[in-house]
Amino acid sequence: MSALSVNHLLGIKYITEKDIQLIFETADHFKEVINRPIKKVPSLRDITIANLFFENSTRTRLSFELAEKRLSADVINFSASQSSVAKGETLVDTVNNILSMKVDMVVMRHPNPGAGVFLSQHVKASIVNAGDGAHEHPTQALLDSYSIRERLGDVAGKKVVIVGDILHSRVALSNIFALHKQGAEVMLCAPQTLIPKYIHKLNVKVESNLRKALNWCDVANMLRIQNERLDISYFPSTREYVQQYGLTKELLDSLDKEIVIMHPGPINRGVEITSEVADSSQSIILQQVENGVAIRMAVIYLLASKI
């Protein structure tokens with residue numbers, strides 16, 4: 001069996017296109033497993049995985065936990081707010097204490113960009129980045145590309161627009177890296193205030209008009225406004241944002257082609273996307289959630305084989 005070129009999944013920028021294809025092929029196998037009546041495989045019976053979430057998360061944490069349990073791994077869940085971190089313990093000390101309980105792999109979400117890279121240099125365990133600040137969210141980008149591949153047959157040559165709060169989004173950055181590595185074209189669509197300054201270095205198109213962006217693309221990935229990260233006001237009002245960047249069924253139906261709609265969740269219904277669009281046949285939002293478990297099973301399984 002081929003192996004990943006890395007010992008950790010810290011970000012899409014550290015893996016190769018070959019790694020991405022290997023993860024997808026492995027996920028194909030696991031997708032078939034999770035649709036069986038008995039959804040568990042004994043692949044990781046001797047592996048212990050700690051889920052460390054220093055930031056709130058529902059879908060990602062549950063998806064990882066389910067993936068780990070489907071592979072028969074032993075799972076420890078750790079929430080920073082109820083831990084010694086709240087008493088001032090350092091990240092490395094926290095993780096080393098957990099590792100002394102003979103943990104093999106750490107899945108971590110952390111508010112600081114680069115926390116996973118830092119940790120991988122200081123502890124002896126395989127690290128999976130489940131989101132570091134507004135930096136990267138590699139498994140989300142993998143499941144997004146996997147979902148495009150499932151719906152459209154291939155990612156290469158596709159045109160994908162990412163709409164919304166690009167500035168605060170780790171999903172956007174990981175998606176740009178993943179889509180480029182697979183030969184897709186990427187456009188960003190948002191108010192100018194939500195487009196990062198460095199974006200011209202990433203070889204992406206930028207469009208401020210949503211209708212033009214939708215007419216250009218095959219796939220639209222709608223991001224929510226991350227109110228919890230907005231330290232200042234980046235646009236006049238939510239109402240104005242909705243008028244310019246909210247995706248409605250009327251707008252979708254007025255395009256001269258049918259496009260695929262995605263959303264990494266959680267959805268702010270009625271803001272970036274209406275319920276009618278989210279629940280329409282063009283939306284693959286629920287498939288993304290299902291594929292998230294298969295992709296995370298694949299990542300954990302492939303990294304565990306290198307331990």
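Hi everyone, and thanks for coming. Please keep in mind throughout that what we have here is a predicted model.

Let's begin with the overall layout. The chain is split into domain 1, which takes in 8–137 + 289–305, and domain 2, which covers 138–284. Taken over C-alpha atoms, the centres of domain 1 and domain 2 are separated by 25 Å. Where they meet, domain 1 puts 33 residues into the contact and domain 2 puts in 26 residues.

Now to the pockets. As background, empty space left among the atoms shows up when a probe the size of a water molecule is rolled over them.

How much volume does the largest pocket have? About 440 Å³. The lining is made up of 20 residues, and R59, R109, R170, R224 and P266 are the closest to the centre of this pocket. Two elements, α2 (59–70) and α6 (170–181), each give two or more residues to that lining. Sorted by class, the lining of the largest pocket holds four nonpolar, nine polar and seven charged residues.

Let's move on to the second largest pocket, which has about 210 Å³ of space. Its lining counts 18 residues, with R59, Q140, P264, Q288 and V289 nearest the centre. Here the elements giving two or more residues are α2, α5 (138–152) and α11 (285–304). Helix α11 supplies the largest share of this lining, with six residues. By class, we find nine nonpolar, seven polar and two charged residues around the second largest pocket. This pocket, too, draws lining residues from domain 1 and domain 2, so it lies between the two domains.

First, a word on annotation. Which residues carry the "binding site" feature in UniProt? The record, an unreviewed entry, places that feature at R59, T60, R109, H137, Q140, G265 and P266. In the model, R59, T60, R109, H137, Q140, G265 and P266 are included in the lining of the largest pocket.

Let's look at two of these residues, starting with R59. You'll find R59 in helix α2. Is R59 buried, exposed or partly exposed? R59 has 34% relative accessibility, so it counts as partly exposed. Leaving out residues up to four places away in sequence, R59 touches P264, G265 and P266.

T60 also belongs to helix α2. With a relative accessible area of 4%, T60 is buried, because buried means under 20%. Again leaving out residues up to four places away in sequence, T60 touches F53, R109, A130, H137 and R296.

The peptide bond joining G265 and P266 is cis, with omega of about -10°. P266 sits in the loop between β9 (260–262) and α10 (275–278).

K102 is not a glycine, yet it has a positive phi of about 65°. K102 is in the loop between α3 (91–99) and β3 (105–110), and its 65% relative accessibility makes it exposed. N203, also not a glycine, has a positive phi of about 60°. Look for N203 in the loop between β6 (185–189) and β7 (205–207); its relative accessible area is 63%, so N203 is exposed.

My last stop is L251, in helix α9 (residues 249–253). L251 is buried, at 14% relative accessibility. Setting aside neighbours within four places in sequence, L251 contacts L210, R211, L214 and G246.

Technical notes. Residues are numbered from 1 along each chain as its sequence is written. This is a predicted model: local features need pLDDT of at least 70, side-chain atom pairs count only at pLDDT 80 or more; totals for chains, interfaces and linings use all residues. Side-chain values use heavy atoms; hydrogens and water are left out. On a 1 Å grid over the protein atoms alone, a cavity is a set of points where a 1.4 Å probe fits but cannot get out, and a pocket is an open set with protein on both sides within 12 Å along at least five of seven lines; lining residues have an atom within 4 Å of a point. Grid points are joined across faces, edges and corners, and a volume is the space filled by probe spheres set on the points. Helices (H or I, at least four residues) and strands (E, at least two) are DSSP runs, numbered from the N terminus. Ala, Val, Leu, Ile, Met, Phe, Trp, Tyr, Cys and Pro count as nonpolar, Asp, Glu, Lys and Arg as charged, and the others, Gly among them, as polar. Domain bounds come from an automatic or database domain assignment. UniProt positions are given in the numbering used here, feature names are shortened, and annotations may be inferred rather than shown by experiment. Buried means under 20% relative accessible area, exposed over 50%, partly exposed in between (1.4 Å probe, protein chains only). Contact means heavy atoms within 4.5 Å.
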